[in-house]
Amino acid sequence: MYKCAARRCGILALGMLTVAQSSLAGAGDVVRTPLPDGNPFPISAAVSVRAGVDTVYVSGALPAAINKDAPKGTAPDYGDMQTQTVSVLNSIKGTLAKLGLGMGDIVKMTVFMVADPANDNKLNFSGLMAGYSQFFGTQEQPNKPARSAVQVAALVAPGALLEVEVIAAKPRRPTHR
C-alpha cells in the first residue's frame, strides 16, 4: 500500500512540475532541432511550435529596385542575388518589427528563386547564402529557421531573382487582469 501511495504522489508531483514549467512564458514554446552531426549550415532541421504561441504568416516579399539607370524589369534593376536577398530580408525584418517580432522569431522560410542571367542562367545559391547568413545563425541572432529553397520559372516582378515568405512564432505574453 505504501509503495502505491508513494508512486501516486510522485506522479502527481511530476504532473504539477510539468504544469508549472509549461506556464513559464516562452519556456520551450519554440524548439529548434539542429541539423545532424553538428552541421553549421544556418538552418534548423525542424522547428516545433507548441500551443500558446502566436503564429504570423508573412506574405512573399520581393526586392526593392536600387539601380535607377538599369532597364526596368531586369536583374540589374534590383542588384545581384546577395543584394536582392538582403533587400528582401530587410523588408521582412521591417514587417516583423511592426508586429513586435524579430528575425529570430522566424520558424519557417520558403525561398523562391529564378535562374540568374549573370550566373549562366543557373541559380545563384552562394549569393543567396551570402545575404541570408547576415541574418541567421549569427552571434547577434543565433536562431535558425526551417527553410526550403526552390527554383521557379519566373516571379511576378520581372528581373527579381527571389521572393521570400516566412512564418514567425512568438509566445504570448501573459495578460494581467
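Reply: Let's start with Arg172, which is partly exposed, at a relative accessible area of 47%. (Buried means under 20%, exposed over 50% and partly exposed anything in between, with a 1.4 Å probe and protein chains only.) Before going on: this is a predicted model, in which local features need pLDDT of at least 70 and side-chain atom pairs count only at pLDDT 80 or more, while totals for chains, interfaces and linings use all residues. Residues are numbered from 1 along each chain as its sequence is written, and side-chain values use heavy atoms, leaving out hydrogens and water.

The side chain of Arg172 meets that of Asp54 in a salt bridge, 2.7 Å from N to O. (That term covers a side-chain nitrogen of Lys or Arg within 4 Å of a carboxyl oxygen of Asp or Glu.) The two partners are 118 residues apart, with Arg172 in the segment after E6 and Asp54 in strand E3. Asp54 is partly exposed too, at 38%.

Searching the whole structure gives two salt bridges. Asp77 and Lys72 form a salt bridge as well, with 4.0 Å between the closest N and O atoms. Here Asp77 counts as buried, at 3%, whereas Lys72 is exposed, at 64%.

Strands (E, at least two residues) and helices (H or I, at least four) are DSSP runs numbered from the N terminus, and two strands pair if DSSP finds at least two bridges between them. E3 belongs to an open sheet of four strands in the order E3-E6-E4-E5, with mixed pairing. E3 (53–61) and E5 (146–151) are the edge strands, each with a single partner, so one side of each has no neighbour in the sheet. On average, neighbouring strands are turned by 10° against each other, direction ignored.

Helix H3 (residues 81–98) lies across E3, E4 and E6 (162–171), at about 35° to E6. (Axes are lines fitted to C-alpha atoms, for helices over the stretch in contact, with angles from 0 to 180 degrees between N-to-C directions.)

What about the nonpolar packing? A nonpolar core is a set of buried Ala, Val, Leu, Ile, Met, Phe, Trp, Tyr and Cys residues joined through side-chain atoms within 4.5 Å. The largest one has 33 residues, and Ile92 and Val164 touch the most other members. E3 is among the elements that give two or more residues to this core, and H3 supplies its largest share, six residues.

Definitions and conventions. Contact = heavy atoms within 4.5 Å.
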